[in-house]
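Please go through the structure below together with the text that comes after it. The text is meant to be read with the coordinates open.

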Amino acid sequence: MRLDTRRTGFSLEAPFYTDPSLFNLDMQAIFGQHWVFACSVAEIPEPGDYVTLDYGPYSLIVLHNDDGGVNVLHNVCRHRGARVLTDPQGTTGNLVCGYHSWTYSPEGDLIHASAPGEMTFDKSCYALKRAHGKIAAGLVFICLAEEPPTDFHETAKIFEPYIAPHELAKTKVAYQQNIVEEGNWKLVMENNRECYHCDGHPELACSLFPTWGLTDETIPPHLEDVWDRNQQAQASLEYRCRRYGLPYEVVEELDTRVGGIRISRESLDGAGESFSADGRRLSKKLLGDLPDFRLGRCSMHLQPNSWFHLLGDHVITFAAFPISASKTLVRTTWLVADDAVEGVDYDLETLTHTWKQTNLQDKAFVELCQQGAASPFYEQGPYMKSEYQVEAFINWYVQRMREHVG
Amino acid sequence: MRSSAVPALPLAQRVRGLEMPWNRVLSSASEPAGAATALGPWHPQEFAAECVETIPEAGGMMVFVFRRMDGAPLAFRSGQYINIDFPIDGPNAEPVSRSYSISSAPTEPWTFSITIKRDPKGKVSPWAHDHLRPGTVLDMLGPVGAFHLADYDRRARFLLLAAGAGITPLMSMIRTVHSLPGQADVVLLYHGAAPDSFAFSEELDFLANVDFRIKVIYCLGDRECGDEWEGRTGRLSTSLLDELVPDANGRQVFACGPEGYLNSATELLRTVGVDDTSVFMEFFSGDREIRAEYAEEVAIAGEIAEEIAATTEEYFESQPAALDMYEPEYDADGPVEAVGAPTEAVDAEAVVPVDAEVEIEVVGVTDENLAEAGPDSASDAGSTVPAGDGAAASAGESGDDDEIAVVDPAALPTVGQGEHTMSFVRTGLNVCVGEDETVLQAARKAGVKIPANCQEGMCGSCKVVKLDGDVEMNHLGGIRAREIDAGKFLPCCSTVKTDLVIDA
Ligand code: FES
Ligand code: FES
Ligand SMILES: [Fe+2]
């Protein structure tokens with residue numbers, strides 16, 4: 001378990017994927033210190049709407065407050081520690097603990113505790129603990145650190161112009177899928193950061209070019225035709241983006257900043273509109289004020305736990321929430337225009353089909369790796385050229401861990 | 001063209017999307033006032049209208065401006081048509097019935113106009129051109145038709161495709177967009193047979209000049225034309241669309257013209273990626289099937305008009321869903337939501353015998369030179385229908401148990417004292433209550449079980465649903481405005497104002 005002498009370009013040593021004490025360290029150093037993607041505003045559209053999030057040892061309430069921002073509260077009652085809100089999502093005025101009915105304001109202040117005979121009880125000492133919350137372009141981030149990393153506003157400045165035109169505040173959740181993968185959260189992220197394995201995604205292959213991550217030099221002969229089609233589609237996408245003033249350039253700072261990010265707008269195969277078999281739209285209502293359905297996919301990767309696809313007709317957000325060293329909750333949320341009507345403007349099965357299938361395939365890949373990491377004969381393996389983003393993720397992770405350990 | 005001495009103005013700021021003014025009238029809780037009443041609800045009516053003006057237009061067309069004899073404005077949606085009885089064979093003979101699109105905007109409802117192209121072989125159009133004069137009064141039925149702009153459109157990006165006289169309903173749409181605020185983006189691609197055949201071209205040029213939201217492109221098809229022609233040439237084609245409207249893909253397309261033109265447009269639009277559900281077409285042709293559709297729509301409109309004439313109120317209650325094609329939704333009190341009702345077309349596939357009595361003239365182009373007959377594709381685009389904004393009125397949450405609703409509060413035993421009665425329909429008890437007592441106190445005294453904790457309106461644990469009556473509530477954050485709107489309240493911090501019915 002050497003952080004100082006990591007073998008660059010190779011996967012981590014097995015304990016990083018299996019050891020509970022390293023998992024605890026991950027929770028402190030990564031999930032306890034950095035900005036973590038929580039949800040989109042579409043999941044908490046109105047004041048009083050909340051979601052509860054659990055990861056590692058933490059439990060949090062993310063509540064849309066009356067000022068249009070978010071309050072992030074530790075979901076740990078200050079009386080005897082019960083979970084204050086137990087539903088995964090809901091709407092509330094004040095927050096009432098179900099155990100002895102201690103009542104907290106949406107700001108977390110303890111405003112009521114029935115206390116017959118308590119002469120010296122000082123409510124002001126028992127507010128719910130708060131954490132940091134931030135909304136950027138309709139995405140909600142939270143940070144448990146006392147002093148959150150300061151470069152996040154620069155990261156937000158990078159992604160806002162890409163994401164804002166999709167107007168997430170005018171979307172609604174069409175579907176949300178929670179799957180628990182029997183794998184370490186880093187394996188989930190590693191798997192997401194490459195398309196080397198994309199042959200294993202037949203549904204996705206219809207719209208996603210299998211040349212993702214490749215370049216002119218690395219393109220294999222059997223993909224040359226696809227590469228040409230990809231190049232053409234990309235050129236016409238970029239032409240449209242310039243016309244509509246939409247940014248598309250690749251910005252890649254995955255391990256060169258604390259708020260690690262990669263964002264770009266890339267073409268899709270077929271009609272180039274959405275993740276469907278023929279590339280056509282899956283929802284008939286355009287998002288935001290977008291003028292055209294053929295906007296490919298704006299894809300964003302954020303360290304440590306999220307990735308996103310934003311299309312003309314819908315948006316998919318992905319978040320990984322670690323449960324234990326070998327278990328991770330992967331949450332996928334499909335957003336459509338808030339005036340799109342299910343069954344009229346979109347068919348839920350069709351809308352979600354590609355990524356539901358892809359997620360299951362990815363889950364299987366991640367679990368295969370987790371099993372491998374548990375074998376005494378597991379040895380670090382090399383990341384290939386097309387897996388440079390995996391390397392970047394691991395490099396980012398190792399740097400953050402080193403900083404934390406000091 | 002703006003003179004160079006005029007300094008450039010900053011771009012206008014507008015609200016998102018296009019909203020028809022009657023939405024406000026119809027969704028207003030108070031009684032729609034005065035003249036606004038006349039603007040909705042609209043439904044086909046039989047009325048008489050007087051011609052007040054005739055204006056010659058290019059392309060052998062004539063604009064006839066009318067006003068209703070009863071003084072009411074004509075309420076319609078931009079793109080609809082009316083059916084008119086022409087007394088061609090004299091006042092005592094059976095009139096000849098024809099349908100014509102309205103070319104004026106519904107935002108100027110006090111007069112309305114139709115535009116008729118003279119068809120030398122036709123029966124009605126020459127008569128209209130020769131005999132219809134200011135002072136002539138005609139019987140009409142309308143408005144009819146599912147080809148129209150939506151009442152509310154958050155994404156008001158339109159591609160209007162017109163060929164020849166097909167400009168008529170689209171002219172109404174352009175005038176409407178121009179007359180309303182709101183972000184819109186309109187491209188009109190207008191095909192004509194000859195340089196001097198473009199009706200309304202001066203007004204269109206003017207609108208395109210003064211309104212940055214409107215773009216007009218004239219196109220001559222692929223016939224020879226002189227050097228002085230500054231517009232485009234070429235049939236409707238994918239390359240023409242790609243060049244002139246490269247974002248057609250994200251627009252709603254309204255197309256009107258002869259059948260061949262529209263059939264080829266259907267194919268082309270598909271090719272450039274416009275979704276079928278974003279394409280709305282009005283066939284201006286004498287095709288038998290289309291005449292049948294028009295006849296059927298007019299017949300239904302006539303029935304509706306008769307029913308309304310009989311009794312407006314009963315009509316609102318009895319209107320079958322299938323006929324709900326021109327209407328916002330109604331209940332006994334009138335319209336419930338202006339933007340809520342998707343319009344619905346008459347089934348285009350239905351085979352309807354053409355009624356010899358209801359003769360439908362070809363209102364549009366008969367000039368074969370113009371018709372850009374496309375491949376003989378099936379006209380399956382039919383009369384597609386603009387989808388209304390489907391957001392349904394969110395009904396307040398009420399008791400989840402239907403049986404509760406049938407409990408008659410008067411039949412319940414009554415306890416307590418006070419000037420108001422609270423009927424707890426689940427408990428099955430009437431509790432009298434004074435004005436200085438909270439609902440919770442009185443309920444508890446009477447043995448009604450309502451969980452409660454803080455008793456100060458903070459924790460929300462006493463929240464119940466009020467089925468009827470008013471309370472005064474002084475809560476401390478235990479309830480959300482949304483929940484109050486849904487009929488909930490906190491009995492611990494509420495006193496009664498009227499008799500109550502409570503779902504507890
Ligand atoms: S543990 Fe929450 S009130 Fe007692
Ligand atoms: S008892 Fe707490 S709000 Fe009524
Ligand atoms: Fe994958």
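The model is a predicted one. His197(A) and His201(A) are both buried.

Next comes the contact between the two chains. Chain A contributes 36 residues to the contact and chain B contributes 26 residues. Together, chain A and chain B bury about 2700 Å², with 37% of that area on carbon and sulfur atoms. Between chain A and chain B there are nine salt bridges. One of the salt bridges in the model joins the side chains of Asp339(A) and Arg154(B), at 3.8 Å from N to O. Polar contacts across the interface of chain A and chain B come to 23 residue pairs, both residues being at pLDDT 80 or more. On the side of chain A that touches chain B, strand S8 (110-112) and helix H6 (224-244) of chain A each supply at least two residues.

Over all chains, the structure holds 44 salt bridges. Glu253(A) pairs with Arg257(A) in one of them, with the closest N and O atoms 3.0 Å apart. Are the two partners buried or partly exposed? Glu253(A) has a relative accessible area of 24%, so Glu253(A) is partly exposed. Arg257(A), at 13% relative accessibility, counts as buried. Another salt bridge is formed by Glu266(A) and Arg262(A), whose closest N and O atoms are 3.2 Å apart; both of these residues are buried.

A further salt bridge connects Asp345(A) and Lys285(A), with 3.7 Å between the closest N and O atoms. This pair links distant parts of the chain, 60 residues apart. Asp345(A) sits in the loop between strand S17 (327-337) and helix H7 (348-373) of chain A, while Lys285(A) sits in the loop between strand S13 (261-266) and strand S14 (297-302) of chain A. Asp345(A) is buried because its relative accessible area is 9%, and Lys285(A) counts as buried at 16% relative accessibility. Salt bridges with shared partners also join Asp289(A), Arg157(B), Asp185(B), Asp247(B) and Arg251(B) into one network.

The last stop is Gln28(A), which is found in helix H2 (residues 20-31) of chain A. Gln28(A) counts as partly exposed because its relative accessibility is 41%. Leaving aside residues up to four places away in sequence, Gln28(A) touches Gln33(A), Tyr58(A) and His404(A). Gln28(A) and Pro57(A) are 29 residues apart in sequence, and their C-alpha atoms are 9.6 Å apart in space.

Terms used: Residues are numbered from 1 along each chain as its sequence is written. Chains are lettered from A and ligands numbered from 1 in the order in which they are written. This is a predicted model: local features need pLDDT of at least 70, side-chain atom pairs count only at pLDDT 80 or more; totals for chains, interfaces and linings use all residues. Side-chain values use heavy atoms; hydrogens and water are left out. Buried means under 20% relative accessible area, exposed over 50%, partly exposed in between (1.4 Å probe, protein chains only). Contact means heavy atoms within 4.5 Å. Buried area is the accessible area (1.4 Å probe) that two parts lose on being put together, summed over both. A salt bridge is a side-chain nitrogen of Lys or Arg within 4 Å of a carboxyl oxygen of Asp or Glu. A polar contact is a pair of N or O atoms within 3.5 Å; within protein, one must be able to donate a hydrogen and the other to accept it, and residues adjacent in sequence count only if both atoms are side-chain atoms. Helices (H or I, at least four residues) and strands (E, at least two) are DSSP runs, numbered from the N terminus.
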